[in-house]
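Welcome! Take a look at it, then work through them one step at a time.

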Amino acid sequence: MSSATAERPARPATGARLEFRSLRRAFGPTVALDGLDLTVEPGELIALLGPSGCGKTTALRMVAGFERPDSGAVLVDGRDITDVPADRRDAGMVFQSYSLFPHLTVRDNVAFGPRVRKVPAARRAARAAELLDLVGLPRHGDRYPHQLSGGQQQRVALARALALEPRVLLLDEPLSALDAKVRLSLREEIRRLQLSLGITTVFVTHDQEEALSMADRVAVLNAGRLEQCAAPAELYARPATAFVAEFVGTMNRLPGRRTGPDTVEVAGRTVPVDPTAAPEPENSTGTGTGTRTGTGTQTGTGTDVDVLVRPENVLATPDPTGDATVVGTSFFGAVTRVRLLLPTGTEVKADLPSRDATGLTVGARARLDLAPQPVLVLPGTAA
């Protein structure tokens, strides 16, 4: 997967250092956050990624001041802001629902924060004009929200959040209500603005593609705990836990058997085990640091294991004598995802160049193979 981390320009040092320290929050019997420890460096964009109910929005609302932790603290540049009212925090927030004032023009929406803080009219008008130009809406100042598209409304919401020059920008799934093409365009625009302004940003999303393509680092949460926080490429290639391995991207789980200290047999082929990337056993708890407490290399020879293989490392070719049967295909342009059923009842996904998938129609027999790449292993959990 592509990542926006490559060849980024140096960002101005205007952002704040944001720290989540042992944050805990429960709603009755439901624990939303269970000891979250995470640091966002000045000017960094971190995406909080995880399934619904994992605690990512709760963490964001604690930074904004809309939610109080049961214990722990939120620090900005070393200052504890846990008890600071929301309107006195140096943070701007963009909501999923835009939350623009329908009775105000675009210009007045952007200038609303400075007006509340009694910024002189001339200054707030100049600031609104500057921000509308920055988000690509210089001629929309006199329009009302209902006269804008969804993407334009979200640009206005972003400009309004930046109007008070916050040192921390909080984005709560701001693109989820937009169609795919607009979402792609706007996420690139948000990233461009964030880099040019150098503002520390926390981006909550359940969309893995958004997280991996936009963020400097991605923090994966599960049941209120931080499983791993790492750069997108590190997260994808070297997951620290079984949850991260299967949640980020698409992963095949295949039954295998250890053939040596560093090898495993899977799908009729012996392949190497990656000792630096094998995740912890499934009953372990993520450390949030990327430290791996279970290497997957200590399981004895002959032991049944589960082998985790990305679809791009699965090879399939038409073969009337092959053991696999094609049960579905999905065309994605240059790549076609082929779903194959093994005699054991295990379904395997293979991402192939579309030109190589033409003979793999539903019902066809195929020969399955694996690329000679190191694989991830879960010890002792084979089906």
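**Before you start.** This is a predicted model, in which local features need pLDDT of at least 70, side-chain atom pairs count only at pLDDT 80 or more, and totals for chains, interfaces and linings use all residues. Residues are numbered from 1 along each chain as its sequence is written, and side-chain values use heavy atoms, leaving out hydrogens and water.

**Exercise 1. Describe how helix 5 passes helix 6.**

Step 1. Find helix 5 at residues 150-162 and helix 6 at residues 180-197. Helices are DSSP runs of H or I with at least four residues, and strands are runs of E with at least two, numbered from the N terminus.

Step 2. Two packed helices are described by the angle between their axes and the distance between the axes. Here the angle is about 20 degrees and the axes lie 11 Å apart. The axes are lines fitted to C-alpha atoms over the stretch in contact, with angles from 0 to 180 degrees between N-to-C directions.

Step 3. Angles under 35 degrees count as roughly parallel, so helix 5 and helix 6 are roughly parallel to each other.

Step 4. The crossing of helix 5 with helix 6 is right-handed, meaning that the near helix is turned clockwise from the far one by less than a right angle.

**Exercise 2. Find the residues of the largest nonpolar core that touch the most other members.**

Step 1. A nonpolar core is a set of buried Ala, Val, Leu, Ile, Met, Phe, Trp, Tyr and Cys residues joined through side-chain atoms within 4.5 Å. Buried means under 20% relative accessible area, exposed over 50%, and partly exposed in between (1.4 Å probe, protein chains only).

Step 2. The largest core has 43 residues, and Val 110, Leu 158, Leu 169, Val 218, Leu 235 and Val 248 touch the most other members. Helix 5 supplies the largest share of this core, 6 residues.

Step 3. Zoom in on Val 248: its contacts (heavy atoms within 4.5 Å) include Leu 49, Leu 212 and Arg 310, leaving aside residues up to four places away in sequence.

**Exercise 3. Is Pro 138 buried, exposed or partly exposed?**

Step 1. Look in the loop between helix 4 (121-134) and helix 5, where Pro 138 lies.

Step 2. Pro 138 has a relative accessible area of 44%, so this residue is partly exposed.

Step 3. Beyond residues up to four places away in sequence, Pro 138 touches Leu 132 and Asp 133.

Key: Parallel < 35°, antiparallel > 145°, perpendicular 65-115°, else oblique.
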